[in-house]
Amino acid sequence: MLLDIILAEYLEDYKIKLTFENGEAGIMDFCPYLEKSGVFERFKNIEFFKSFQLDKEIGNLTWNKEIDIAPEILYCEATRTPLPEWMKKGVEV
């Protein structure tokens, strides 16, 4: 399951509405990423977070082409569907 994001709209705080190529849409709350370390520490700067781009070539969100999140995770979180079995092992959001 790999569905491209075709539209991304900033809503408020750390929420982005995502629309996928299959027509499904949902709101992704990135607040859990504020507790992560590494590259995700940059999300603590809300202006950096809001500077996301939709990279239409790869069908995913990116931040300065440095940070992206697996599109399967974004799809499952935004649409409230379970992760595929092959992704469940070792995935932590």
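**View 1. The hairpin of E2 and E3 in the predicted model.** In this hairpin, four residues lie between the strands, and Gly23 adopts a positive phi near 90°. Strands (E, at least two residues) and helices (H or I, at least four) are DSSP runs, numbered from the N terminus. Strand E2 (residues 15–20) runs antiparallel to E3, the two being joined by five bridges. Within this pairing, Leu18 is opposite Gly26 of E3. The model is predicted: local features require pLDDT of at least 70 and side-chain atom pairs pLDDT 80 or more, whereas totals for chains, interfaces and linings use all residues. Numbering starts from 1 along each chain as its sequence is written, and side-chain values use heavy atoms, without hydrogens and water.

**View 2. The open sheet.** Three strands in the order E1-E2-E3 make up an open sheet with antiparallel pairing. Strands E1 (5–12) and E3 are at the edges with a single partner strand each, so one side of each has no neighbour in the sheet. From one strand to the next, the twist averages 25°. Two strands count as paired if DSSP finds at least two bridges between them; six bridges join E1 to E2, which run antiparallel. Ile5 has Phe20 in E2 as its bridge partner.

**View 3. Helix H2 on the sheet.** Helix H2 (residues 71–79) packs on the sheet and touches E1, E2 and E3, contact being heavy atoms within 4.5 Å. The direction of H2 makes about 100° with that of E3. Axes are lines fitted to C-alpha atoms, for helices over the stretch in contact, and angles run from 0 to 180 degrees between N-to-C directions.
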